[in-house]
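Me: I would like to learn how to read salt bridges. Can you take me through some?

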2 protein chains.
Amino acid sequence: MNKPLILDGSKVAEHMKDQLAVRVAALAEEEVVPCLATILVGDDPSSATYVRMKGNACKRIGIRSIRVDLPASTTTEQLIETIQQLNDDGSVHGILLQHPVPHHIDERAAFEAIAIEKDVDGVTTLGFAQNAFGFAQYPSCTPAAILAILDYYDIPIEGKHAVVIGRSPILGKPVSAMLLNRNATVTTCHSRTNGLPALVGLGDIVVAAVGKAKFVQGDWIKPGAVVLDAGYNEGNVGDADYEACSERASAITPVPAGVGPVTIATLLKHTVDSAERAASR
Amino acid sequence: MNKPLILDGSKVAEHMKDQLAVRVAALAEEEVVPCLATILVGDDPSSATYVRMKGNACKRIGIRSIRVDLPASTTTEQLIETIQQLNDDGSVHGILLQHPVPHHIDERAAFEAIAIEKDVDGVTTLGFAQNAFGFAQYPSCTPAAILAILDYYDIPIEGKHAVVIGRSPILGKPVSAMLLNRNATVTTCHSRTNGLPALVGLGDIVVAAVGKAKFVQGDWIKPGAVVLDAGYNEGNVGDADYEACSERASAITPVPAGVGPVTIATLLKHTVDSAERAASR
């Protein structure tokens with residue numbers, strides 16, 4: 001029976017947070033406290049859970065967190081006004097607008113309102129392009145987390161064929177760009193892809209970012225491939241069929257405790273990066 | 001013997017220019033003359049030829065063209081100053097900085113200086129990201145030309161596997177993004193790709209954007225594939241071996257008279273688009 005390496009996201013995240021704690025302590029000497037502002041619009045329970053988890057993670061390593069809760073009836077204009085106030089607030093180093101927002105809000109316009117130097121979640125178009133061109137300060141957190149996991153376990157990327165399933169602006173597209181910039185050959189697949197199983201079977205690295213529980217089947221995976229599951233669906237399951245994929249993969253992220261905790265650690269890291277940049281200005 | 005459809009770029013470009021002439025005439029009624037400013041730094045002879053061709057193409061359909069020639073010794077700061085003057089000049093609707101610039105110049109910084117509403121060549125990071133997200137006003141001209149050729153000949157893109165060879169910021173990356181947004185499955189290959197021939201052989205649509213004469217071999221091509229050659233190398237040859245690829249392709253662009261003339265027509269179209277937008281403000 002195949003025994004893949006379990007890519008332990010909790011361990012990667014702990015390592016990152018240990019490093020961050022040192023930097024937060026150094027900033028405290030200069031009387032700077034990194035601060036992340038999180039905006040939650042409406043009362044989607046899983047979004048509320050994410051926001052709470054992020055707030056707790058901040059607290060544990062000495063990052064201040066501000067939580068702005070807005071009613072579901074908030075207009076795009078009101079949301080943008082809130083964002084602009086946070087842009088103007090010198091004590092705030094990072095702004096996270098929890099995705100998704102209610103349908104009547106123009107999410108893209110709201111994302112664009114975030115000042116580039118506080119866009120620690122990499123959601124602005126400018127941040128996206130800087131990332132695609134390889135010089136972003138803050139790439140989107142989940143894509144960056146996927147790369148951080150590969151790097152922590154010293155899994156080579158250059159020259160490998162990476163197959164990304166999903167093309168969202170905050171996950172599939174930026175992770176494709178980042179893998180390409182690390183010299184992987186990248187195939188981006190999506191709902192209109194024909195012959196998906198055979199294409200996934202080409203991947204040395206497979207990124208599941210499709211948002212459907214257990215979508216990626218075990219027999220799609222090339223023996224020895226590395227599987228990174230960025231999904232998180234009802235019932236605590238990812239986008240890949242973990243048990244079945246484990247039969248073939250050489251390494252795989254579990255769900256939970258895979259990409260998720262590293263995404264949060266990446267958000268904290270970007271907030272500390274931003275606080276250091278602000279302190280040195 | 002296989003007889004592919006020759007994707008005649010001159011014909012596509014003529015069709016586009018016929019449509020543009022009507023729009024230029026309508027603008028003339030409002031006393032608006034579309035104007036493209038082209039900046040050439042240094043005296044690279046092939047760049048000078050491109051700039052001259054673009055100027056002549058403008059003239060033929062009634063677009064005014066301004067040519068700014070700067071010496072090879074121009075600094076990044078001086079170049080940016082020139083660009084800013086053109087940004088501020090209300091009579092200029094499009095700005096093209098001829099690529100490449102001399103090595104001592106920070107080309108990225110110069111591109112970034114172009115105002116987004118005059119970035120008719122789609123070279124700014126913001127323009128790139130808007131294109132990747134599917135809402136750019138002006139995608140890069142060569143990628144847009146490739147799509148225009150496919151559309152002119154009614155070649156389906158959705159659900160097809162497109163293989164792009166090359167990942168430059170103005171060609172490989174944006175054309176990959178545009179094909180993805182048109183629901184192709186996209187594989188982006190480059191100099192570090194392993195097993196390139198087999199990957200190219202998966203492509204229903206193959207885009208050669210690598211900058212090496214006759215690089216793409218005929219026996220790499222899947223029988224029936226569509227080959228788009230964005231290369232233009234010494235000796236008037238493209239990045240694909242035209243004769244050999246023609247043995248297998250169902251459709252192919254020649255070099256010259258393939259992608260090149262449509263790229264120029266696209267630049268003219270974007271300039272007219274920009275003039276119309278300025279006139280309606």
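Reply: Start with the general idea. Side chains of opposite charge can pair when their charged atoms come close. Now the case here, in a predicted model. A:E14 forms a salt bridge with A:K17. Their closest N and O atoms are 3.9 Å apart.

Me: Where do A:E14 and A:K17 lie in chain A?

Reply: Both are in helix α1, residues 9-29. They sit three residues apart, about one turn of the helix.

Me: Is A:K17 buried or exposed?

Reply: A:K17 counts as buried, because its relative accessibility is 14% and the cut-off for buried is under 20%. A:E14 is partly exposed, at 43%.

Me: Which residue pairs with A:D204?

Reply: A:K222 does, with the closest N and O atoms 2.8 Å apart. This pair links distant parts of the chain, 18 residues apart. A:D204 is in the loop between α8 and β7. A:K222 is in the loop between β7 and β8. A:D204 is partly exposed at 24% relative accessibility, and A:K222 is partly exposed at 29%.

Me: What does B:R23 pair with?

Reply: B:R23 forms a salt bridge with B:E276, the closest N and O atoms being 2.8 Å apart. B:R23 lies in helix α1 of chain B and B:E276 in helix α10, so the pair ties together parts 253 residues apart in sequence.

Me: Which residues of chain A are linked in a network of salt bridges?

Reply: A:R23, A:K269, A:D273 and A:E276 are.

Me: How many salt bridges are there over all chains?

Reply: The count comes to 18.

Terms used
Residues numbered from 1 in each chain as written. Chains lettered and ligands numbered in written order. Predicted model: local features only at pLDDT ≥ 70, side-chain atom pairs only at ≥ 80, totals over all residues. Heavy atoms only, no water. Salt bridge = Lys/Arg side-chain N within 4 Å of Asp/Glu carboxyl O. Helix = DSSP H or I, 4+ residues; strand = E, 2+ residues; numbered from the N terminus. Buried < 20%, exposed > 50% of the residue type's maximum accessible area, 1.4 Å probe, protein only.
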